[in-house]
Amino acid sequence: MSAAESTTAMDAAKTTRSYSSYGHPWWRRTLLTREFAIIALLVIVFVYATSNVAHFDNPLTIHFLVLNNAEIMMIALPMALVIITGEIDLSVASVVGLSSVMVGILVQDAGLGVPLAGLIAILVGVAAGAFNGFLVAYVGLPSLAVTIGTMALFRGLAVGLLGTTAKTEFPEKWKTLASDDIGSSRYPVIIIPILVLIAVFVWLLHFSTFGRGVVEIGLNDEAAHFSGVNVERTKFILFVLTAVVSAFAGIYITLHNGTARGDNATGDELKVIAAVLLGGVSIFGGRGALHGVIAGVLLIAVIQYAMQLQNETVNVINIVIGVLLVLSVMTTALLAWLDRLRSGQLRFLGSLKR
């Protein structure tokens with residue numbers, strides 16, 4: 001594809017988006033979106049659970065929802081940006097496990113303090129993200145293949161370092177901090193770094209030139225390159241950010257659970273991706289908003305907690321969330337098809353008028 005053709009393709013994509021975003025009244029642009037639909041569904045499910053599920057209206061509900069889903073919320077933020085570029089990172093949960101193991105070994109065996117051990121674990125996350133980012137962005141390998149491989153690699157390193165044992169001796173003040181509330185409120189301390197990360201990534205995606213480049217890459221990475229976006233550097237940075245946040249989540253899980261194990265967070269990559277896609281981010285890239293992602297994480301958390309209170313099995317919970325995810329992906333494809341159909345009809349009517 002030539003430079004002129006690439007630029008034309010990106011301009012066409014922007015024109016379509018501009019029309020769908022600004023060709024209707026503000027209330028329609030606000031209410032008739034996937035993100036608002038997920039937020040509305042979250043409110044409906046929360047109100048229903050509060051009224052009909054025993055013990056869900058307990059004052060500690062928010063406390064447990066935040067504590068048990070903090071790592072998913074944190075990792076979903078950079079993961080959303082990665083998927084918007086049209087890439088994916090399946091190694092995030094393995095980075096969590098590797099970070100957890102590093103903290104356990106450094107604190108219990110090497111005698112380091114938690115802050116220093118955590119800093120080293122985050123640097124390990126930087127190295128893991130840089131490895132992924134280099135292979136995807138600069139070597140040009142498919143992110144799906146690369147991160148499937150590094151998912152096994154990082155998990156193997158984590159399990160290999162500890163085997164079947166676990167590290168459980170951590171300073172009590174740090175374990176308490178990871179589970180404690182802010183003052184006399186019901187909000188855990190971990191909500192502070194979550195809010196900081198939300199603010200950072202909302203600014204990064206929605207209010208910075210970097211974020212505009214992320215969306216342009218998802219629409220057409222070649223066109224983005226010719227428009228001045230450093231595609232390779234952007235993807236590299238996103239993979240590093242995702243791994244760094246995952247490493248921080250590993251530190252949190254270790255202190256919150258009071259144990260460092262090589263299999264910590266196994267399967268969490270699927271929960272993160274499910275929440276991101278449910279929140280309206282397109283698996284094909286080029287579209288997504290973080291308020292929808294946050295609502296997607298909370299919706300899955302509320303459904304899981306409500307069903308657990310009703311003594312439903314893990315398999316039933318996974319089936320419900322899986323069906324919800326499939327429906328959300330189908331809805332995205334259906335809406336795109338209807339938009340293309342409508343655009344074709346408008347062009348046809350326009351030609352008749354001429």
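Q: How many salt bridges does a search of the whole structure find?
A: The search finds six salt bridges, a salt bridge being a side-chain nitrogen of Lys or Arg within 4 Å of a carboxyl oxygen of Asp or Glu. This is a predicted model, in which local features need pLDDT of at least 70 and side-chain atom pairs count only at pLDDT 80 or more, while totals for chains, interfaces and linings use all residues. Side-chain values use heavy atoms, leaving out hydrogens and water, and residues are numbered from 1 along each chain as its sequence is written.

Q: Which residue does Glu-35 pair with?
A: Glu-35 pairs with Arg-287, with 3.0 Å between the closest N and O atoms. Because Glu-35 lies in helix 3 (residues 34-52) and Arg-287 in the loop between helix 13 (268-278) and helix 14 (290-309), the pair ties together parts that are 252 residues apart in sequence; helices here are DSSP runs of H or I, at least four residues, numbered from the N terminus.

Q: Is Glu-35 buried or exposed?
A: Glu-35 is buried, at 5% relative accessible area, whereas Arg-287 is partly exposed at 27%; buried means under 20%, exposed over 50%, and partly exposed in between (1.4 Å probe, protein chains only).

Q: What about Lys-235, what does its side chain meet?
A: The side chain of Lys-235 meets that of Glu-87 in a salt bridge of 2.7 Å, N to O. Glu-87 is buried at 14%, and Lys-235 is buried at 9%.

Q: And where do Glu-172 and Lys-175 lie?
A: Both lie in helix 8 (residues 172-179), three residues apart, about one turn of the helix, and their closest N and O atoms are 3.6 Å apart in a salt bridge. Glu-172 is exposed at 53%, while Lys-175 is partly exposed at 22%.

Key: Helices (H or I, at least four residues) and strands (E, at least two) are DSSP runs, numbered from the N terminus.
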